[in-house]
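Please read the numbered points alongside the sequence and coordinates.

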Amino acid sequence: MDWSSSLDVYDEYEKLIIRMNTPRVVIDNAVCENATLVKVDSANKHGILLEAVQVLTELNLNINKAYVSSDGRWFMDVFHVTDENGRKLTDEGVIGYIEKRLATNPCVLPLFGKPVGLDAVAEHTAIELTGTDRPGLLSEIFAVLGDLKCNVVEAEVWTHNRRVACLVYVTDEDTGAAIEDQQKICKTEELLLNVMRGNSNIREAKTVVSMGFTHTERRLHQLMFADRDYDKLDETGGRASLPLKGNDNAKPLVTVDNCLDRGYSVVTVQCKDRPKLLFDIVCSLTDMEYVVFHATIDSQGPQTFQEYYIRHTDGRPVYSEAEKQRLIQCLEAAIRRRASEGMRLELCTNDRVGLLSEVTRIFRENGMSVTKAEVSTRGDKVADVFYVTDTAGNPVDAKTVEAVRQEIGLSILQVKDDYMHPKSPPREPAIRFSIGDLFKSKSERILYSLGLIKSYS
């Protein structure tokens, strides 16, 4: 049997193991007083941790603590979760959805490395853009789409380190469905590429055609990672980083050490806790082709402590200093690129063609720069969120904001500058421990720590 045939047999064996070991999901509200335990046992495969975290993140659940162990062929994970208000999960519909999604592993994760561009899917066309950020860029993008009779259904924009990644879902204004005219697709791609390039020669902009399913936040991480937003630029100019309330934008503490006797690299992260932080970190590790074998997540109060025992997909730990520094930079970028800089403005009104182009034009004409945007349409209503600063990255003057609101409509555009995370009920006291302690414990103690048994005595 030749080598390629051996690999095919091995791949089929791996698939058989996964099919034979259907994931077991248990959702328990009895063990922990202030959180719901979500326990997942299944055959191990690369990316399974991200799949599980993605399911919980899509429901906007808070992951207060988590324990992961996936040595060998088996994956064992426990999440302590609460809803957006810091309460246990009681909705049977939500609980059933989690059980179904995690038990069948239906998460479709977009493959890293797919090109950036226009992606025609069932009901809309997804446009992916990356390039150098600048004031007024979003206004120019929406103006082009409006001129081409592309109706924006949803969109999300992230900016970090003078780079921007944008995912826009559009329909053809004439048909109300995905754009099928290939000439229109090519023209849209060409004009948007010119917008993204602007007058900058710092780094190349991208907009090319691709096919496949897109998970918005997952894809935005991939786009910014592919665009190397973690690199420190030497060029002068560009928007300054605005310190946020509560020091949200403070640099996270990320360290990488080696546990050579076990063959792991140990990654620790300490920073201000926020929703979806675990998802962002696991996304970055997965995109960099690292496998998480053990992990502990402990978010007590406003701070989080996370520890990961990892190896590269080829089985080696992090050896070189250059690889170590790159890993640290990428994790710092993954944590900070979702940060919401500036004042939060919420736009709620009836949907109409050209609305976004008009609103962002007014922002630009009044010297306001969009640092992050979330656009969504439900029926004939829009619910959009914009985070804005002035063109230098400083807080927007109150008089400017009121002038913009007067022009757009006081009842339509609302200032929501108290957007910090809602207060949650106090969490039960817990003793923080390191995964390194688990290596020294007996199996019963591990199971107890993971919440899989109530007592090991």
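1. In this predicted model, helix H4 (residues 137-147) and helix H5 (residues 182-197) have axes that come within 10 Å and cross at roughly 165°. Because angles over 145 degrees count as roughly antiparallel, H4 is roughly antiparallel to H5. The crossing in which H4 passes H5 is right-handed.

2. Which residues form the contact of H4 with H5? From H4 come Leu137, Glu140, Ile141, Val144 and Leu145, and these meet Thr188, Leu191, Leu192, Val195 and Met196 of H5. Sorted by class, this contact of H4 with H5 comprises eight nonpolar residues, one polar residue and one charged residue.

3. Val256 lies in strand E9 (residues 253-259). Is Val256 buried or exposed? Its relative accessible area is 4%, so Val256 is buried, the cut-off for burial being under 20%.

4. Leaving aside residues up to four places away in sequence, Val256 touches Val266, Val267, Val318, Lys324, Leu327 and Ile328. Glu321 is 65 residues from Val256 in sequence, and their C-alpha atoms are 9.8 Å apart in space.

5. For the protein as a whole, there are 12 helices and 17 strands. Of its 457 residues, 51% are buried. The protein exposes about 21,600 Å², of which carbon and sulfur atoms supply 51%.

6. Sequence separation may also be noted. Among contacts between residues at least 6 apart in sequence, 73% join residues at least 24 apart.

Technical notes: Residues are numbered from 1 along each chain as its sequence is written. This is a predicted model: local features need pLDDT of at least 70, side-chain atom pairs count only at pLDDT 80 or more; totals for chains, interfaces and linings use all residues. Side-chain values use heavy atoms; hydrogens and water are left out. Axes are lines fitted to C-alpha atoms, for helices over the stretch in contact, and angles run from 0 to 180 degrees between N-to-C directions. Helices (H or I, at least four residues) and strands (E, at least two) are DSSP runs, numbered from the N terminus. Angles under 35 degrees count as roughly parallel, over 145 as roughly antiparallel, 65 to 115 as roughly perpendicular and the rest as oblique. A crossing is left-handed if the near helix is turned anticlockwise from the far one by less than a right angle, and right-handed if clockwise. Contact means heavy atoms within 4.5 Å. Ala, Val, Leu, Ile, Met, Phe, Trp, Tyr, Cys and Pro count as nonpolar, Asp, Glu, Lys and Arg as charged, and the others, Gly among them, as polar. Buried means under 20% relative accessible area, exposed over 50%, partly exposed in between (1.4 Å probe, protein chains only). Accessible areas come from the Shrake-Rupley method with a 1.4 Å probe; for residues, only the protein chains shown count as cover.
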